[in-house]
Amino acid sequence: MVVGAGPAGASLALLLARSGVAVTLVEASSSLARQFRGEALMPSGLEALAAMGLTNLLETVPHRPLQGWRFVLNGCELFHANEPLGGDPQRPCTLVNQPALLEALLLEAQGYPSFALERGEPVSDLLWDQGRVAGVRLRDGRHLEAELVVACDGRASLVRQKAGLALVGSPSSIDLLWFQLACPSPSPLQGRFTTLVGPEGVFSAFDSAGGGVQLGWVLGKGERVPACSRDEWIERMATLSPPELAAWLRQWRAGLGDPSRLAVQVGLAERWWAPGLLLLGDAAHPMSPVRAQGINMALRDAWVASAKLLPLLRSALQPPLPSSALDGVLVAIEAERRPEISALQALQAAEAARGDQLRRQNWLRSGLALAAPVVGPAIAAHWSHQQQPLRQGLSALPMQSVRPGPP
Ligand SMILES: Cc1cc2nc3c(=O)[nH]c(=O)nc-3n(C[C@H](O)[C@H](O)[C@H](O)COP(=O)(O)OP(=O)(O)OC[C@H]3O[C@@H](n4cnc5c(N)ncnc54)[C@H](O)[C@@H]3O)c2cc1C
């Protein structure tokens with residue numbers, strides 16, 4: 001059984017069902033279109049989709065390649081770097097409408113007779129049998145039994161809490177205020193993920209895969225949301241922007257939606273498994289939004305988990321599964337995935353600290369803004385090099401062939 005139909009859960013459930021393993025996917029919400037689910041797929045996530053044989057699925061949902069990255073200090077461009085940042089030209093960072101991708105994964109999974117979807121009722125507790133997780137209880141009181149529960153229920157994972165698996169948190173210094181701007185394409189962002197820093201604050205903006213623009217305003221952790229009207233928010237953003245973007249923001253001010261506060265949580269579960277239970281994706285390791293890692297890591301977790309679980313699940317034709325062998329596989333999955341996650345969380349923290357330094361130190365920001373025409377290209381080259389692990393992941397994924405079809 002898989003709990004949660006985010007990228008980790010939806011892809012894992014599909015991979016298991018495609019191999020003939022009976023799997024029930026339990027998703028709390030009846031609609032996956034929550035206001036913001038993240039859009040950026042890095043080459044590391046695209047590699048996972050390719051390993052799963054699901055690259056074609058991307059073609060069926062709204063998506064667009066990112067054209068590059070741009071950094072603006074005090075309204076002046078510090079540098080820009082074009083995608084794919086020296087990597088594989090076939091795999092530029094790609095923005096995808098995530099709810100549409102998740103629905104496409106579910107639709108594909110529903111084509112396999114061993115797949116079942118329980119949608120609209122959250123898991124409210126775990127079932128236990130002699131010290132092993134033996135299934136879940138839904139909010140409506142139903143019990144669903146399973147020999148293995150894979151918790152992919154996101155950063156606030158109830159399953160993780162019910163299993164008593166502690167989350168070791170890394171302090172995040174930021175929260176985000178998320179806005180959507182309804183506006184025509186193309187925008188002056190020119191398809192680049194643009195980060196703007198100045199005395200007024202920091203925000204990022206990109207052309208959304210589903211149309212319009214997404215804007216994330218950085219708040220200090222716990223900072224009160226400023227009581228600004230829509231016009232005041234547009235002015236704050238315009239003040240940080242180069243003239244063409246400022247004029248455009250003012251022109252389309254009526255399209256700015258209300259902001260949502262997105263609490264940023266970062267951490268690593270002390271252990272990703274208990275007997276009969278595995279944590280994956282944000283449930284095991286809530287990721288910071290910095291340099292868009294979470295969807296990608298969730299997909300990579302799912303691929304590694306399926307590659308390690310399937311030989312056992314396919315060989316055990318009749319239940320019960322040999323529990324010691326199953327728990328051994330859960331240990332192996334954590335051992336393979338934990339190093340990449342710890343290393344990338346450390347790189348995200350370093351990237352966030354550099355941004356924070358620029359936000360707080362006026363003299364540094366002003367000096368760099370003045371020197372941008374001279375130092376910009378060198379900073380761009382250094383930054384592009386530094387980004388490689390956050391784009392590609394730390395190591396190539398195992399390419400075990402997971403043959404579709406029943407065992
Ligand atoms: C502001 C922000 C921007 C981000 N942008 C990006 C980005 O551009 N690119 C990127 O790679 N990452 C991004 N991330 C991170 C990314 O969103 C997550 O890391 C990623 O979605 C994790 O995937 P997941 O499958 O583990 O969990 P989730 O995507 O959180 O999915 C969990 C699922 O479980 C369901 N669920 C929860 N509780 C229960 C329950 N009790 N019972 C049943 N179902 C339940 C939820 O409804 C949900 O569908 C961003 C994060 C933030 C905060």
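## Two helices side by side

Helices α1 and α8 run roughly parallel to each other, because the angle between them falls under the cut-off of 35 degrees. In this predicted model, local features need pLDDT of at least 70 and side-chain atom pairs count only at pLDDT 80 or more, while totals for chains, interfaces and linings use all residues. Residues are numbered from 1 along each chain as its sequence is written.

Helix α1 covers residues 7–18 and α8 covers residues 294–315; they pack at about 25°, with axes 8 Å apart. Helices here are DSSP runs (H or I, at least four residues), and strands are runs of E of at least two. Axes are lines fitted to C-alpha atoms, for helices over the stretch in contact, with angles from 0 to 180 degrees between N-to-C directions.

## What meets at the contact

From α1, Pro 7, Ala 8, Ser 11, Leu 12, Leu 15 and Leu 16 meet residues of α8 including Ile 295, Leu 299 and Asp 301; contact means C-beta atoms, placed from the backbone, within 7 Å. By class, this contact has 10 nonpolar, two polar and one charged residues. Nonpolar means Ala, Val, Leu, Ile, Met, Phe, Trp, Tyr, Cys and Pro; Asp, Glu, Lys and Arg are charged, and the others, Gly among them, are polar.

## Around the ligand

The ligand is surrounded by 37 residues, the closest being Gly 4, Gly 6, Gly 38, Gly 281 and Gly 294 (C-beta atom, placed from the backbone, within 6 Å). Helix α8 gives the largest share of this shell, four residues. The shell divides into 22 nonpolar, 10 polar and five charged residues.

Methods. Parallel < 35°, antiparallel > 145°, perpendicular 65-115°, else oblique. Contact = placed C-beta atoms within 7 Å.
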